[in-house]
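Reader: I am new to this structure. Please take me closely through one part of it, the pockets, and keep it brisk.

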Amino acid sequence: MNKRFKEHVDGKKDLFIPFITAGDPNPESTIDLAIMLQEEGANAIELGIPYSDPLADGPVIQRASERALKNGMSLEKAMDLVPKMREKGLQIPVIIFTYYNLLLQLGEERFFALVRKNNVDGLLVPDLPYEESEEWRESCEKNETALISLVAPTTSEERLKKIANEATGFLYCVSSLGVTGTRSHFGSPVFTFLERVKKHSNVPVAVGFGVSSPEHVKELKDYCDGVIVGSAIIRQVESQVDALQNKELQKDAIEQIRAYVRDLVAPFEKSKIHS
Amino acid sequence: MTTKVPDQRGRYGQFGGKYVPETVMYALEELESSLNDAMKSEEFIAHYHEELKKYSGRPTPITHAENLSSRLGGAQIYLKREDLNHTGAHKLNNAIGQALLAVRMGKEKIVAETGAGQHGVAAATVAARYGLECKVFMGEEDIRRQELNVFRMKLLGAEVVPVSSGSKTLKDATNEAIRYWVSNVEDTFYLIGSVVGPHPYPKMVRDFQRVIGDESRTQMETPNKIIACVGGGSNAMGMFYPYLEEDVDLIGVEASGKGIHTGKHAATLSEGRLGVIHGSITYLLQNETGQIQEPYSISAGLDYPGIGPEHAYLSETGRVTYKGITDQEALDALEILSEEEGIIPAIESAHALAEAIKQAPELPSSDVILVCLSGRGDKDVHTIMEHLGGEVDE
């Protein structure tokens, strides 16, 4: 198993797994945000690669993608950010979140060469379902890279078993149908779904899609091992987009986002790692 | 070449498949099993054919373009008149089939994407006919360019939803339609307009369009060549499929736009690389790192950055030859057909015709070329006027 997953994710409860888009609005902010998120108790980071056609994402992450693409971000450049995060003290696993076409164009060999060189720990491909992923599962295993699988409330029991059986890192439960983005509340169907997943899973079970308030975290924490937060954080980044690109205001912008994140994960009562 | 495609995984050789988020998988599984069930039902098939006949006006005739053929002085050109379908193009064949399937599955709503609006109009039409609610996603840029079709869809009772994401055109409208579908899969059917998308869509659309080729086979002896235009590729797939095992040259025509060298084209097979678009592995126009690029063609129906996976497969196996035709060549063909035969073809179909016009003079007059005239040109009159008018001014 990947050593950073073993240390920071495996067997743990109250996992906080934030998603940020690489290069939104610039590479420097992405590095600083990752460090800040670790300081606020993140157990792993999903580093989203901007894509022209993000089928699984709602408008917030689509806009983040557009901002990052405008600045020329790519899968390879995003992976090159990881050593810079490590230099600044990032210890937790980094998961590359990329649509399949970008991975196809970079090529399997080149991707894993970068994984090894840059200390990347995981891969999540939202449009590579179980049926199409066999080859990648094998090469991820060879390269000690967790391949994060998704399950949805509509995933049949039979598929769920197969997916859970081969899951590495953690199992990503999609809270409800639709795309990423905020939702007003979760309810008992989600809890039932999470219980169903937990029964089959040997890895931590984390829930994502729509987690955007401390109330959500509180509501969900007893039914799963952690939460994935994407759009809610990206929305904060969006509100600071100008400040993040201004040398004098950048630090302050990161602090504003920190305050939001701290409040969001408060129900986890995490002891801070660095402060 | 008797390999049966697609295989169980929806693969046409290395193409096709189901590259979609987990949230879509259930919907595809549901669709696949309902489709298999429906295609085995005599009652369903009979109802589909009855609607093709009594509602759409099929069979469509084959017209011998005698004046055109003698002007060119070579092979005889025949036209499969899909322009005579209700709503003016082959699009309705597929829309009827999918809408009947939606009803059979107990869905109350359909959602569709549209570029220029032809498929949107077809979807709105069948929604009205079969009592379904209809939402059509359309890029803001296309809404601006295709005011009349937007009005047609509204008149037919559909809701046109503007799409402002990405490049605000067909590919983004397709993304948005899929996103909506995923969120509302319980009561909503996604009515896709071409032989693209995740399995089983390319197969389903082919099977609802193959009536074009099936009819042609009963209407005339096997010609020497069959030519059809290809955007996503539904009219070509429907035309070619029943002829795959026959001794006939099959030629697909992509849009070369302003010329391949200008970069303004939709020549997916000649200029694209293997990639994933809308859930399927196929050739696709993209930049170095894999961001999907906007194609260009004068005809809105051909400017799709990908191509149906079965076309990618037929190109790779060599069974079908794919050529490129520029905007100008298509416009010239459109003018010639209008003058010689009194038929104004859609600019899309004029691409196929242009290739026939190129090839006919090289062939003996005993040879026969069958062109799929996929749609009528009324929708394009404004565009044609702009272009031809511009020339006169020069």
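Author: One term comes before the rest: buried means under 20% relative accessible area, exposed over 50%, and partly exposed in between, with a 1.4 Å probe and protein chains only. Asn85(B) is buried, with a relative accessible area of 2%. This is a predicted model, in which local features need pLDDT of at least 70, side-chain atom pairs count only at pLDDT 80 or more, and totals for chains, interfaces and linings use all residues. Residues are numbered from 1 along each chain as written, chains are lettered from A and ligands numbered from 1 in the order written, and side-chain values use heavy atoms, without hydrogens and water.

Now the pockets. A pocket is an open set of points on a 1 Å grid over the protein atoms alone, where a 1.4 Å probe fits, with protein on both sides within 12 Å along at least five of seven lines; lining residues have an atom within 4 Å of a point. A volume is the space filled by probe spheres set on the points, which are joined across faces, edges and corners.

The largest pocket has a volume of about 810 Å³. Its lining counts 33 residues. Nearest its centre lie Arg145(B), Gln146(B), Ile298(B), Ala300(B) and Thr383(B). Helices here are DSSP runs of H or I, at least four residues, numbered from the N terminus. Four helices of chain B each supply at least two lining residues: H6 (140-145), H7 (147-155), H8 (170-183) and H16 (381-393). H16(B) gives the largest share, 5 residues. By class, the lining has 9 nonpolar, 10 polar and 14 charged residues. Nonpolar covers Ala, Val, Leu, Ile, Met, Phe, Trp, Tyr, Cys and Pro; charged covers Asp, Glu, Lys and Arg; the others, Gly among them, are polar.

Where does the largest pocket lie? Domain 1 (11-53 + 91-204) and domain 2 (57-88 + 210-393) of chain B both give residues to its lining, so the pocket lies between them. The domain bounds come from an automatic or database domain assignment.

The second largest pocket has a volume of about 700 Å³. It is lined by 24 residues, and Asp7(B), Gln8(B), Glu32(B), Asn36(B) and His199(B) are closest to its centre. Helix H1 (22-39) and helix H9 (201-209) of chain B each give two or more. H1(B) has the largest share, 6 residues. The classes are 6 nonpolar, 4 polar and 14 charged. Both domains of chain B contribute to this lining, so the second largest pocket lies between them.
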